[in-house]
Amino acid sequence: MKAKDFKLSSHLRFIIPSLIGIFLFMFPVTNMEEGEKSVTIPIAILANELQGILAGQLSLIMTIIISITAIGTLLVKLVGPEKLDGTPFFKSLFNVPPVWVITRVLGMIFAIMVYFEIGPEAITSDYTGGLLLDSLLHVLFAVFLFAGLFLPLLLNYGLLELFGVLLTKIMRPLFRLPGRSSIDSLASWLGDGTIGVLLTSKQYEEGYYTKREAAVIGTTFSVVSITFSLVVIQEVGLGNMFIPFYLTVGFAGFIAALIMPRIPPLSRKLDTYVTEEADDISEEVPQHHNLFTYGYTKAVERGSKSTGVKDFFKQGGQNILDMWMGVAPIVMALGTIALVIAEYTPFFTWLGMPFIPLLELMQVPYAQAASETILVGFADMFLPAIIGASIESEMTRFIIACLSVTQLIYMSEVGGLLLGSKVPVDLKDLFIIFLERTIITLPIITLIAHLIF
């Protein structure tokens with residue numbers, strides 16, 4: 001079937017939602033902030049406005065959300081997840097592995113302690129739990145609300161299909177990967193890194209990827225989404241620099257993606273399938289089509305199958321709950337623990353010491369403070385931004401924010417999901433990949449930061 005065989009309404013169901021999605025998530029707009037002009041994206045402006053309106057209530061709202069998540073998770077474990085078989089979304093939301101049950105309960109305990117100012121100051125102070133509940137989680141609430149609601153515009157109306165086909169001729173020569181892997185990357189970029197991991201794992205199990213391809217895609221192309229990236233740059237107080245920040249992240253990530261598949265441990269993974277090779281993995285463009293017409297046809301076909309407004313808001317609502325309940329308790333739990341360790345022990349100082357000479361060589365201001373953020377990202381992607389937010393140098397905060405996003409492997413989400421999936425990587429592989437990505441991207445980010453600042 002060709003694009004011209006579709007009705008006009010099918011073309012419009014692809015074009016209009018996709019253009020609105022591109023505008024909301026990717027179109028740079030000028031914004032006046034505290035009397036200064038800055039360039040950002042429309043989603044960020046909406047999030048900032050909402051934060052201003054609800055400023056006095058957001059700590060309570062996030063405490064309630066985190067508490068509902070923990071209590072719901074405990075109830076599901078007590079009564080049995082099979083009771084939610086009729087609602088698969090809520091089953092996947094509340095039926096989580098034991099380690100995340102403990103994390104969610106800890107998140108609830110910390111949030112309640114901070115909100116009601118009870119318990120040790122080490123947990124409730126403005127530099128630890130208070131910083132998370134009264135600052136970062138405010139940003140998470142607002143950004144996730146609008147990003148989650150409008151995300152279907154990018155995912156469900158054909159944009160992924162168009163770019164997936166257009167990028168088929170790039171993926172194989174540059175990254176030694178099949179063209180379909182671009183879909184996983186785009187889904188991660190526009191949605192969430194976990195979406196990319198789940199897609200990769202599913203396609204690997206069905207015989208579309210070899211062990212090497214699945215390992216490379218899962219650890220290199222399950223990129224941090226626009227949504228999360230926006231939260232990170234806002235947390236370090238540089239929301240007005242989102243465009244140069246994201247371009248820097250994209251360039252450094254691209255260089256890492258060129259190198260990582262060609263070095264161990266990824267290069268040593270076997271090029272064999274876990275099951276029989278799938279039948280329909282040909283990358284040939286059908287006759288009477290070029291790349292663009294085939295991609296456009298696939299996009300219109302996807303758009304024509306899209307459902308109505310009710311389903312759009314239903315999926316948007318599910319995205320919001322998934323982000324709020326899946327991320328906020330983890331950030332509250334792991335973030336509080338990490339900040340207490342950072343504030344009251346020399347642990348991260350010791351971890352970062354080997355990087356101090358390297359940072360000084362690259363003339364990064366406040367090298368010692370910056371060094372403490374470099375390895376903590378392995379636990380959670382937000383932690384470097386939280387710990388580094390108080391550093392006075394804008395350039396150093398910019399470098400920390402960029403690096404935390406390009407490191408990619410963080411155990412609170414993508415790393416934990418990879419270990420739980422069928423993708424053939426273990427904890428040792430993930431930590432080595434994390435270090436390699438750090439060593440590859442840090443000099444690139446620092447060079448660009450020197451040019452910008």
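**Nonpolar surface patch**

I began with the surface and found a nonpolar patch formed by Leu8, Leu12, Ile15, Ile16, Leu19 and Ile20, which together have about 530 Å² of accessible area. The model is predicted: local features need pLDDT of at least 70, side-chain atom pairs count only at pLDDT 80 or more, and totals for chains, interfaces and linings use all residues. Residues are numbered from 1 along each chain as its sequence is written, and side-chain values use heavy atoms, with hydrogens and water left out.

I noted the terms. Patches consist of residues with over 30% relative accessible area and no salt bridge, where like charges are joined within 9 Å and nonpolar side chains (Val, Leu, Ile, Met, Phe, Trp, Tyr) within 5 Å. A salt bridge is a side-chain nitrogen of Lys or Arg within 4 Å of a carboxyl oxygen of Asp or Glu. Areas come from the Shrake-Rupley method with a 1.4 Å probe, and for residues only the protein chains shown count as cover.

I placed Ile16 in helix H1, residues 8-26; helices are DSSP runs (H or I, at least four residues), numbered from the N terminus. Ile16 counts as partly exposed because its relative accessibility is 43%; buried means under 20%, exposed over 50%, and partly exposed in between (1.4 Å probe, protein chains only).

I also found Arg13 in helix H1, partly exposed at 34% relative accessible area. Leaving out residues up to four places away in sequence, Arg13 touches Tyr157, Gly303, Ser304, Ser306 and Thr307; contact means heavy atoms within 4.5 Å. Arg13 and Tyr157 are 144 residues apart in sequence, yet their C-alpha atoms lie 6.8 Å apart in space.

**Helices H3 and H7**

I looked up how helix H3 (residues 58-79) meets helix H7 (residues 129-150): their axes come within 9 Å and cross at roughly 75°. H3 is therefore roughly perpendicular to H7, the class for angles of 65 to 115 degrees. On the H3 side the contact includes Leu58, Ile61 and Met62, and on the H7 side it includes Leu137, His138 and Phe141.

I located Gln51 in helix H2, residues 42-53, where Gln51 is buried at a relative accessible area of 16%. Beyond residues up to four places away in sequence, Gln51 touches Leu58, His138, Val139, Ala142 and Gln234.

I then turned to Thr124, in helix H6, residues 121-124. Thr124 is buried, with a relative accessible area of 16%. With residues up to four places away in sequence not counted, Thr124 touches Met113, Val114, Ile118, Gly119 and Gly130.

Note on methods. Helix = DSSP H or I, 4+ residues; strand = E, 2+ residues; numbered from the N terminus. Axes fitted to C-alpha atoms, helices over the stretch in contact; angles between N-to-C directions. Parallel < 35°, antiparallel > 145°, perpendicular 65-115°, else oblique.
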